[in-house]
Amino acid sequence: MAAKKKGGKGKKKASKKGGSNDTNDDGAGIALPEDKIKHLQSQTRALELELAYRSSTNSSTSTQCQTLAAKVTAAHRERDDAERLTRDLTKDMTRQYKGMRDELLRKITEREGTIQCLRDDFDAAREGW
């Protein structure tokens, strides 16, 4: 069995170039205090710009969210109004239907009574002959 090599295939350690003037994100490798101050100021400015951008984006997103919430509220109100209108129309039509039905039943009963009176009169007149 072959012995395994340490470090694996093709992986090499990165060599440092530039010595102690290496610029890291935190500025720890900067030798001169003036350079470190400039680096930190640059980082501060970059972070301020990023914060301003994110604040602007957040404000825009909040405005859009409020606009959409208002639209949703308006849509709910319109739906509720439409449901109320439909319910009221249904009640009115039902009441009107019942009134018409009662009127027709009253007329039918009245006319049946008239027919019965006429039959009785007819029968009485025929018997009288």
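Student: Which residue forms a salt bridge with Arg84?
Tutor: Start with the general idea. Side chains of opposite charge can pair when their charged atoms come close. Here, keep in mind that the model is predicted. Arg84 pairs with Asp81, and their closest N and O atoms are 2.8 Å apart.

Student: Where do Arg84 and Asp81 lie?
Tutor: Both are in helix α1. They sit three residues apart, about one turn of the helix. Arg84 has 40% relative accessibility, so it counts as partly exposed. Asp81 is partly exposed too, at 37%.

Student: How many salt bridges does the whole structure have?
Tutor: A search finds nine. One of them joins Arg54 to Glu50, with the closest N and O atoms 2.8 Å apart.

Student: Why are Arg54 and Glu50 separated by about one helical turn?
Tutor: Because they are four residues apart in helix α1.

Student: How do I read the accessibility of that pair?
Tutor: Use the cut-offs. Under 20% relative accessible area is buried, over 50% is exposed, and anything in between is partly exposed. Arg54 has 54%, so it is exposed. Glu50 has 35%, so it is partly exposed.

Student: Which residues are linked with Arg79 in a network of salt bridges?
Tutor: Asp80 and Glu83 are linked with Arg79 in that network. Take the bridge between Arg79 and Asp80: the closest N and O atoms are 3.1 Å apart. Arg79 is partly exposed, with a relative accessible area of 43%. Asp80 is partly exposed as well, at 31%.

Student: What about charges on the surface? Which residues gather in a patch of negative charge?
Tutor: Asp120, Asp121, Asp123 and Glu127 do. Look at Glu127: its place is in helix α1, which covers residues 33-127.

Student: Is Glu127 buried or exposed?
Tutor: Exposed. Its relative accessibility is 72%, and the cut-off is over 50%, so it passes.

Student: Now the whole chain. How many helices and strands does it have?
Tutor: One helix and zero strands.

Student: What share of the residues counts as buried?
Tutor: Of the 129 residues in the chain, 2% count as buried. The accessible surface comes to about 12500 Å². Carbon and sulfur atoms account for 57% of that surface.

Note on methods:
Residues are numbered from 1 along each chain as its sequence is written. This is a predicted model: local features need pLDDT of at least 70, side-chain atom pairs count only at pLDDT 80 or more; totals for chains, interfaces and linings use all residues. Side-chain values use heavy atoms; hydrogens and water are left out. Patches are made of residues with over 30% relative accessible area and no salt bridge: like charges are joined within 9 Å, nonpolar side chains (Val, Leu, Ile, Met, Phe, Trp, Tyr) within 5 Å. Accessible areas come from the Shrake-Rupley method with a 1.4 Å probe; for residues, only the protein chains shown count as cover. A salt bridge is a side-chain nitrogen of Lys or Arg within 4 Å of a carboxyl oxygen of Asp or Glu. Lys and Arg count as positive and Asp and Glu as negative; His and the chain ends are not counted. The place of a charge is taken as NZ of Lys, CZ of Arg, CG of Asp or CD of Glu. Helices (H or I, at least four residues) and strands (E, at least two) are DSSP runs, numbered from the N terminus. Buried means under 20% relative accessible area, exposed over 50%, partly exposed in between (1.4 Å probe, protein chains only).
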